[in-house]
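Please open the structure in your viewer and keep the selection tool at hand.

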Amino acid sequence: MWRASVLTIFPEMFPGPLGVSLAGKALAANVWSLDTHDIRNAATDKHRTVDDTPAGGGPGMVMKADVLARALDGVPHDTRPRLLMSPRGRPLTQARAAELARGLGVVILCARFEGVDERLIKARKLEEVSLGDFVLSGGEPAAIALLDACVRLLPGVMGKEASAAEESFADGLLEYPQYTRPPVFEGEPIPEVLTGGDHAKVAQWRREQAEKLTRERRPDLWAAYLARKRPN
Ligand code: SAH
């Protein structure tokens with residue numbers, strides 16, 4: 001069973017959205033498991049303090065290395081990667097999510113306030129993972145997004161195996177546009193090629209559309225795609 005352990009000061013945020021729909025059904029079916037650990041349980045004072053003022057001054061609070069280390073060390077030790085959700089991390093990709101889904105699971109540390117003491121990141125060899133170039137108020141929504149991306153790739157979670165292979169990013173391109181009934185919506189018909197029944201033409205149209213969208217919207221993905229298609 002794929003195993004997710006989450007360390008947070010807000011364990012009540014879990015499973016949250018992960019308890020519903022695909023991920024929720026998979027959780028109930030023991031395709032994956034989720035255990036949450038309240039970081040405050042690793043505090044030693046009577047106020048259960050997890051943060052302190054930043055060395056060198058400045059606004060906000062920093063999560064304490066000693067408390068976080070104790071919390072992390074309390075999660076059964078195995079070979080799962082230990083992730084820290086952080087805007088400074090490497091942005092999450094579909095490729096990394098797929099890699100994590102193929103493994104045993106993940107241990108995720110969700111930070112709050114201004115972040116965590118740098119020494120903790122080094123001492124526990126945490127992999128910093130970002131959701132994108134924006135700042136959340138805490139790591140929990142980022143952890144939920146990462147877990148959702150992984151869990152839907154676990155064997156048996158998605159209905160059709162094919163749906164994962166054709167999605168955005170699967171081959172480095174954004175997905176082609178989708179349509180369904182009614183045949184005409186506010187005067188706009190479904191593109192003719194999709195209703196003509198010629199599967200080769202449909203496949204070619206979809207490929208062209210995926211390439212066009214990627215070129216227009218994501219020059220970064222497009223450049224990487226071209227480089228892969230035409231090495232050197
Ligand atoms: N002062 C920090 C931001 C702290 S936000 C900075 O400027 O980098 C508080 C916490 O929310 C972070 O420690 C992290 O755990 C989480 N978080 C915020 N934005 C995130 C993002 N884009 N991806 C992943 N986690 C994020």
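Into which domains is the protein divided? In this predicted model, select residues 2-151 for domain 1 and residues 167-229 for domain 2. The C-alpha centres of domain 1 and domain 2 are 36 Å apart.

The largest pocket is where the ligand sits. Two elements each give two or more residues to the shell around the ligand: strand S5 (82-91) and strand S7 (127-130). Colour strand S5, which contributes the most to this shell, with three residues.

Now display the residues around the ligand, of which there are 18. Those that come nearest are Met 85, Glu 114, Leu 131, Phe 134 and Leu 136.

Begin with Met 85: one of its backbone N or O atoms lies 2.6 Å from an oxygen atom of the ligand. Proceed to Ser 86, where a backbone N or O atom lies 3.3 Å from a nitrogen atom of the ligand. Then select Glu 114, which places a polar side-chain atom 2.9 Å from a nitrogen atom of the ligand.

Finally, show the surface of the protein around the ligand. On its own, the ligand has 560 Å² of accessible area, and the protein covers 84% of this area.

Note on methods
Residues numbered from 1 in each chain as written. Predicted model: local features only at pLDDT ≥ 70, side-chain atom pairs only at ≥ 80, totals over all residues. Heavy atoms only, no water. Near = heavy atom within 4 Å. Polar contact = N/O pair within 3.5 Å; in protein donor to acceptor, adjacent residues only side chain to side chain. Areas by Shrake-Rupley, 256 points an atom, 1.4 Å probe, with all protein chains shown as cover. 1 Å grid on protein atoms, 1.4 Å probe; cavity = no way out; pocket = protein on both sides within 12 Å on 5 of 7 lines; lining within 4 Å. Sits in = over half its atoms within 2 Å of the grid points. Helix = DSSP H or I, 4+ residues; strand = E, 2+ residues; numbered from the N terminus. Domains from an automatic or database assignment.
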